[in-house]
Amino acid sequence: MSPTPSAKRASGGPVAHRTPTLSRNARFAWYAGLVVLGLLVGTAGSLVQAAWLPLGLILALLATAGLFYGGLRATETQAGVVAGGVGWLLAVILLSLGRPEGDGAFAGGVGELLYLFGGMAIAVMCTTLARLPRPIP
């Protein structure tokens, strides 16, 4: 007879996959918060990456990576990365359009392209990360 999953856990064997611990309403609140946080990180990153070019770009990409990975860990699903990514991409696209007067946050240089494509690459990396089960106390 094979041991039960709880017996395997107690003996140090493989841990069975846990179901997410957040309720449905809490998960939707996290998603909404991540969209708003994505808007803020995208706006701040768009402004910072051009101001202090090598260090500002690195800082903006680190903040973007923190948003995406934090969304993954907070919601325990890849949808957390997508929620933050939607807000981030929305902010970046809206700031890249500019105004009718010709003003825009992006001037079309290499730094802006690295921020845009680097942020998207980080989102893809965080989405494809394997989720590790949390240890059961």
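I began in helix α2, where F28 and Y31 sit three residues apart, about one turn of the helix. Helices here are DSSP runs of H or I of at least four residues, numbered from the N terminus. The model is predicted, so I kept local features to pLDDT of at least 70 and side-chain atom pairs to pLDDT 80 or more, while totals for chains, interfaces and linings use all residues. Residues are numbered from 1 along each chain as its sequence is written, and side-chain values use heavy atoms, with hydrogens and water left out.

I searched the whole structure for aromatic pairs and got three. F28 and Y31 make one that is edge-to-face, at 6.2 Å centre to centre with 65 degrees between the planes. I counted rings of Phe, Tyr and Trp (its six-membered ring) as paired if their centres lie within 6.5 Å; planes under 30 degrees apart are stacked, over 60 edge-to-face, the rest tilted.

I looked up exposure next (buried is under 20% relative accessible area, exposed over 50%, partly exposed in between; 1.4 Å probe, protein chains only). F28 is partly exposed at 45%, and Y31 is buried at 17%.

I then took W88 and Y115: their ring centres are 5.5 Å apart and their planes at 65 degrees, so this pair is edge-to-face. W88 lies in α4 and Y115 in α5, so the pair ties together parts 27 residues apart in sequence. Both residues are buried. Ring pairs link F68, W88 and Y115 into a cluster.

Last, I checked α3. Its buried residues include F68. Just after α3, E76 takes a positive phi of about 65 degrees.

How values were computed. Helices (H or I, at least four residues) and strands (E, at least two) are DSSP runs, numbered from the N terminus.
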